[in-house]
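The following note sets out numbered points for a colleague who has the model to hand. Please read each point against the coordinates.

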Amino acid sequence: VRERTLIAVKPDGVHRRFVGEIMQRFERKGFKLVGLKMLQAPEELLSQHYQDLRRKPFYPSLLQYMTSGPLVVMVWEGHNVVRTSRVMVGDTNPAEAHAGTIRGDFSIHISRNVVHASDSVEGAQREIQLWFHGKELMD
Ligand code: CMP
């Protein structure tokens, strides 16, 4: 199987009209879109998605923010897509994210950082199963 990753445009990214820009960056890089949906995320789904962050002090505000508006959730496929996406997205903290990365170019605050990208191949598989049914992904 070709490598796949989960990319989600967070509520601030959707609100600020960055969906097209973000998709265009992944397309121009050479990755293939194999899944796409827009949804208001249920809290239950987010609690599974962020299972490792449950004890963090910012967890309640993270959930509140992630349910504050619709998300655009995508699965991208291609060579080394997990690692390359993390580079394209930039550091979690926008103050550390380099210019030319999505967060470096479009965000200033760690809790409003525009986009999510899976952090490992295993994490990507887990997240893709969480957000998509097999039938919703194209071969
Ligand atoms: P992401 O890495 O996509 O998923 C977890 C999110 O938690 C992260 O983006 C940030 O938006 C948020 N986050 C991580 N660390 C902090 C922090 N110290 N304060 C507030 N939010 C944070």
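1. Helix 7 covers residues 121-131, and its buried residues are G123, A124, E127, I128 and W131. Viewed down the axis of helix 7, these buried residues fall within an arc of 130°, so they line one face of the helix. The arc is that of the directions from the helix axis to the C-beta atoms. An α-helix has 3.6 residues a turn, so residues three or four places apart point the same way.

2. This is a predicted model, in which local features need pLDDT of at least 70 and side-chain atom pairs count only at pLDDT 80 or more, while totals for chains, interfaces and linings use all residues. Residues are numbered from 1 along each chain as its sequence is written, and side-chain values use heavy atoms, with hydrogens and water left out.

3. Which elements cover the buried residues of helix 7? The cover includes strand 1 (4-9), strand 2 (32-39), helix 3 (43-49), strand 3 (71-77), helix 5 (81-89) and strand 4 (115-117). Contact here means heavy atoms within 4.5 Å.

4. Helix 4 (residues 59-66) has Y59, L62, L63, Y65 and M66 as its buried residues. Down the axis of helix 4, they fall within an arc of 165°, so they line one face of the helix. The face turned away from that buried side carries the exposed residues P60 and Q64. Cover for the buried residues of helix 4 includes helix 1 (11-15), helix 3 and strand 3.

5. The chain has seven helices and four strands, in the order β-α-α-β-α-α-β-α-α-β-α from the N terminus. Helices (H or I, at least four residues) and strands (E, at least two) are DSSP runs, numbered from the N terminus.

6. For 139 residues, a compact globule would have a radius of gyration near 14 Å, and the chain agrees at 14 Å. That radius is taken over C-alpha atoms, and the globule rule is 2.2 Å times the number of residues to the power 0.38. The C-alpha atoms fill a box of roughly 40 × 35 × 25 Å along the principal axes.

7. Of the 139 residues, 48% count as buried. Among contacts between residues at least 6 apart in sequence, 77% join residues at least 24 apart.

Note on methods: Buried < 20%, exposed > 50% of the residue type's maximum accessible area, 1.4 Å probe, protein only.
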